[in-house]
Amino acid sequence: MAKTCNDIVTDLYAGYRSQAIVTASELGIFDFLANGKATPSQTAAALNTDCRATEQLMDFLASSGYLVKEQSKDESGEVFENSAETTKYLTRNGLVSLMVPCIKHHIAFGQDLYHIVKDGQKHQDTKDWESKMLWLRDTETREQYYRKTQAAALIWYAPAVSSDHSFDLSQFKTACDLGGGSGDVAYAVAKRYPNMEMTIFDMPQVITTAKQYSPAEVPTNVTYTEGNFFESELPNVDLFIICSILVILNDENANILLSRVYEALKPGGACLLVECLFDDDKMGPPIAHTCDIMMLIKYYGKVRTRIEHREMLQKNGFVNVKFNKSKDETANTTIAFKPT
């Protein structure tokens, strides 16, 4: 669709939308309005913020669909309340709100896109996890990393691999969630397949944090393994589940990882990838392009098409590649097998 002048200007200023949402989340506006309707002056008084600026921010959020605005019945002025989705996802314990610290981090990194495109400069080599994983340097950022990975797992990845619309994994007796992060994907799969022995494989810092914040009742068929994707011996299992790991890797490192996974798999085993994917013509979906730019900036990785996924898997020995497209296009699944 051709862009109008106003469309172009709106796109150029789109960054203000994300800043507005992050600001409202951090100031507690969504939490305050979850308790009921309020005017901007009431909101500002409760949160100790500037009344005029608060009103402008709330008007912006209402125009964007995050708040609902109406005239007060007692003629005290306009009152605002959260939309149902805002209360569900952006209040203090909402899944998306848990991602806000990481989203702020990505916004800051976005300023480097010019230099990355011009000369290929990047922040970190994604193969050197131990020394350069920015999120894991102290306790606070470890918790932020955990909350972000938990949110992504619960919103996208766990449903993609453990719902009625997912691939049937009942044939596999042993499995490894490679880069399991918060552990929520592994927990979901382990609950759906109680006869499957599941291990969560990730860096020592991540495993420590996952155990610290694990649910009260972790499935008894789940264990934890510490290691490095590229250096440690990978578990010898029937199934590897890999959620949004290839997307952060360049082609060289992605092929190295797939090769290592193939070697560790038992004959007849499978690799299950959960990733945001491009349409084959790379003209959509929009969420894939947003993810692609984010990967370029933060990790120097990239979103791929189904054709590219198939080619990479086949290059590393996998056969019988199958795809399952998610409804929201954020967590498509690909399964491929190691010959018997």
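Guide: Helices (H or I, at least four residues) and strands (E, at least two) are DSSP runs, numbered from the N terminus. This is a predicted model, in which local features need pLDDT of at least 70 and side-chain atom pairs count only at pLDDT 80 or more, while totals for chains, interfaces and linings use all residues. Residues are numbered from 1 along each chain as its sequence is written, and side-chain values use heavy atoms, with hydrogens and water left out.

Visitor: Which helix holds L257, and is L257 buried or exposed?
Guide: L257 lies in α13, residues 251-264. Buried means under 20% relative accessible area, exposed over 50%, partly exposed in between (1.4 Å probe, protein chains only). L257 has 0% relative accessibility, so it counts as buried.

Visitor: How far apart in space are L257 and L246, C-alpha to C-alpha?
Guide: Contact means heavy atoms within 4.5 Å. Leaving out residues up to four places away in sequence, L257 touches L178, F229, F230, I245, L246 and L249. L257 and L246 are 11 residues apart in sequence; their C-alpha distance is 8.3 Å.

Visitor: What is the strand order of the open sheet?
Guide: Two strands pair if DSSP finds at least two bridges between them. The open sheet has 7 strands with mixed pairing, in the order β5-β4-β3-β6-β7-β11-β10.

Visitor: Which strands are at the edges?
Guide: Look for strands that pair on one side only. They are β5 (222-226) and β10 (319-324).

Visitor: In which sense do β10 and β11 pair?
Guide: Strand β11 covers residues 332-337. K322 stands opposite I335 in β11. Over 4 bridges, the pairing of β10 with β11 is antiparallel.

Visitor: What angle does α15 make with β10?
Guide: Helix α15 (residues 306-315) packs on the sheet and touches β7 (270-275), β10 and β11. Axes are lines fitted to C-alpha atoms, for helices over the stretch in contact, and angles run from 0 to 180 degrees between N-to-C directions. For α15 and β10 the angle is about 155°.

Visitor: Why is β4 largely enclosed by the rest of the structure?
Guide: Count its residues: β4 is largely enclosed because, of its 6 residues, the number buried is 5.

Visitor: What is the handedness of the crossover from β3 to β4?
Guide: Strand β3 (residues 174-178) pairs parallel with β4 over 5 bridges, and T174 has E197 as its bridge partner in β4. The chain crosses through α11 (residues 184-192). A crossover is right-handed if, with the strands pointing away from the viewer, the path from the first strand over the helix to the second runs clockwise. This β-α-β crossover is right-handed.
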